[in-house]
Amino acid sequence: MNTPHQADVQLPSRERRQAEVVAALCEALPRSTVLFRHEDSTPYECDALTAYRISPMAVVLPETETQVAAALRICHRMGVPIIARGAGTGLSGGATPHHWGVILSLAKFNQILKIDADACTAVVQSGVRNLAISEAAAPFGLYYAPDPSSQIACSIGGNVAENSGGVHCLKYGLTLHNVLRVRGFMADGEPVEFGSQALDAAGLDLLSVVVGSEGMLAVITEVTVKLIPKPQLARCIMASFGDIESAGAAVASVIAHGIIPAGLELMDQAMTAAVEAFVHADYDLDAAAILLCESDGTAEEVAEEIARMEEVLNAAGASRIEVSCDEAQRLKFWSGRKNAFPASGSISPDYMCMDSTIPRRRLAEMLREIEGMQAKYGLRCVNVFHAGDGNLHPLILFDAAAPDEMRRCELFGADILETSVRLGGTVTGEHGVGLEKLNSMCVQFAPAERAQFLAVKHAFDPLETLNPGKVIPTLHRCAEYGKMHVHRGMLPFPGLPRF
Amino acid sequence: MDSREPALARLIDRVAAARAGHAALDIRGGGTKVFYGEPPRGEPLDVTPLAGISCYEPTELVVTVRAGTPLCELEAALEAQGQCLPFEPPRFSERGTVGGMVAAGLSGPARASVGSVRDHVLGVTLLNGRGEVLTFGGQVAKNVAGYDVSRLMAGSLGILGVICEVSLKVLPISRAAATLSFERDEIEALEQLRLWASQPLPMNASAWHDGRLHVRLAGAAAAVSEACRKLGGTQLAPDAALHWWSSLRDQTESFFALDAADVSRGERLWRLSVAATAAPVKLPGRQLIEWHGAERWWRTSAEAREVRAAAALAGGHATLIRGDKSAAVFTPVSEALMRIHQGLKQAFDPKRVFNPGRLYAEL
């Protein structure tokens, strides 16, 4: 049996280190909050990016802020990397453990501390699930707007770390736009607050940098979010298009007419076929692309907006238009879109979800490029697209068990990301860089920009204790990636961090 | 942006020279916000040669514009396409620039409903204190590649670098708008705003002053007319409404003006940014409330200490806008936050070339 103090025999260095770290943690924290046996820490080996697994030295499950601070102080003092983890639903490996590090799980920070219906705010602990906030606010006619697809499971702390979006962010903004204040701890365990109860705070807008920093600048334990009045009504239009170009043009036309839909989503034909088989929502299988266009607000507002949307979509050449007549039908329209990922899982043993954003007007061009890549890499790809804000989620289908498919899939993915940057976009719209997109960061940012990111990291965490090795690729890594890229060579284990 | 471009190359040379000579640079656009923040120091660095709209595709709802471009020029270009900067940045004169708008981070009457300057920044190209031209963010609304350095520039008062170009999210101009006026005292007005803000109403701006509450509704025509019916009050004529909101946005309303006599009496103009639902702030003097209660302007001769205490009690902070600036302009931050501020200053501008002391003396 492993006990923290059995270090009298000559152990390999990692085991010795683990014993030291576990001993220090157990001294300061209740024994029940520290996991270090392999069978206990195995569930923390990865987040939703399951291709990358690393066994952490220990997992800490603090129950109080005092315990969070204590764990941080110990790790900081001992130079042990510490990785905050929410619900583990992240898709880019932001919570992937470090071989020499400790996972700080905030799962027990699951209390909604206050719903202030007057101020339209909620104060919640960082482990609270996204959807739980809206559920708690519902009796007051309020809700929390950002709704990532994983909202049933993902935590608000993780949303803050990733600056998560969702299908409604064109109208209602990202996490940053819906968070007033976060409270937490610096790497050395010092308590800190960013933002305030007011609409701004004194000094530099540090909240902007902390939101979306993937747990690399501070550990967040409490979040004050804005709640907004729930719209009285929402209706959705489902429009079919005979080709991708006219669907793309229809999106531009909606915006050009001064309409900001509550949601504006596009699925290509392959995706539609996959979800139809999965949810049976009567999607138009002949359409090259399907647009979902939603309006919300008061009954009068929605009636006016839906009429204008219909007019614009018809003029843009929609081949079929259906407007939801009640809530059940609206949810049915959305069911396919919301189940795009599981549906992909049902038609392929594995899939890899990309997350780049491109200027909307380049959509058709991008989809044509992806079509070419399917032939080039010998893999299929289905597409869902947050058309309103240009965020594309191509799902590359592959079979990890088949020889070479994983490698080709990764090259395919890298190609999509590089094409997105070339078209004026970005390598990640909402899933974060984590480990997965480190190489792509080399493509999007010049060395001086990456050095500036690192300098920002050091302003918060000079010893690089918090989630080191994520988001910012080293110069060495980019040089190597560049070399391999030039030669179109095979990248062995591209996901592995190279410290 | 290409650093070989003459206007930018000249700025890079100036920064190199300042760094070598341990000199300070005072980043200048139109000079319309010199009054804001701690007094500028150093040699003026004129950014206005970096001018022009680089890219504007209305259907993308994004505009990319050089920092020295006059704000009025940008607004005219947007208006021609039926779009706008929904956060209504103040225009202290026609010379005000887009770079100054971002660096000052000030937003107007609609801020509580639509978000701030910060919320609409999508990307920035900046010149840091090492003379490097760096681009962060981009021209798309959803972008989480790397830390959000571009939004950090909003309200930074130029202490981290020279904003060269910025991409902003823009929105269509509302199809309909109406301004309603009500007779209310402060307590009634705050209570009323609290109630309305928690309902699905197209409330876009509000202001209380001298016993009158004004509310602007904006959105779909049907929603605005329905809300007008529901809220009651007296509707302002469109011209009068436009004049009223502009006078708040641009601070031309007489409430915001301090003359020499006011100043000699020790009167100052303060901006208190507080929790919207905070109880009435108790200070001597006169008050104007915006942002559904979250922004409370005070003309008062109270001590700075007293004003800051009142703001803290209301869950916020106070900024000294006009009048005798012997007191600190901005509310000091905690020690932990100041260490981060200093770390960031070091990270972007290690030789303290840009706008030293403009935000805090330590930076």
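Student: What share of the 363 residues in chain B is buried?

Tutor: Buried residues make up 54% of the 363 residues in chain B. Keep in mind that this is a predicted model.

Student: How does the radius of gyration of chain B fit with a compact globule?

Tutor: The general idea is to compare the chain with what its length would give. A compact globule of 363 residues would have a radius of gyration near 21 Å, and chain B has 21 Å, so the two agree. Along the principal axes, the C-alpha atoms of chain B fill a box of roughly 60 × 50 × 35 Å.

Student: How is chain B divided into domains?

Tutor: Domain 1 covers 6-172 + 342-348, domain 2 covers 176-249 and domain 3 covers 255-322. The centres of domain 2 and domain 3 of chain B, taken over C-alpha atoms, are separated by 22 Å.

Student: How many residues of domain 2 and domain 3 of chain B are in contact?

Tutor: Twelve residues of domain 2 of chain B are in contact with nine residues of domain 3. On the domain 2 side, helix 7 (186-197) and strand 11 (203-209) of chain B each give two or more residues. The largest share, seven residues, comes from helix 7 of chain B. By type, the residues on this side are eight nonpolar, two polar and two charged.

Student: Is H243(B) buried, exposed or partly exposed?

Tutor: To decide, count neighbours: 20 or more other C-beta atoms within 10 Å means buried, and 12 or fewer means exposed. H243(B) has 13, so H243(B) is partly exposed. H243(B) lies in helix 9 (residues 238-249) of chain B.

Conventions:
Residues numbered from 1 in each chain as written. Chains lettered and ligands numbered in written order. Predicted model: local features only at pLDDT ≥ 70, side-chain atom pairs only at ≥ 80, totals over all residues. Helix = DSSP H or I, 4+ residues; strand = E, 2+ residues; numbered from the N terminus. Domains from an automatic or database assignment. Contact = placed C-beta atoms within 7 Å. Nonpolar A, V, L, I, M, F, W, Y, C, P; charged D, E, K, R; others polar. Rg over C-alpha atoms; globule rule 2.2 N^0.38 Å.
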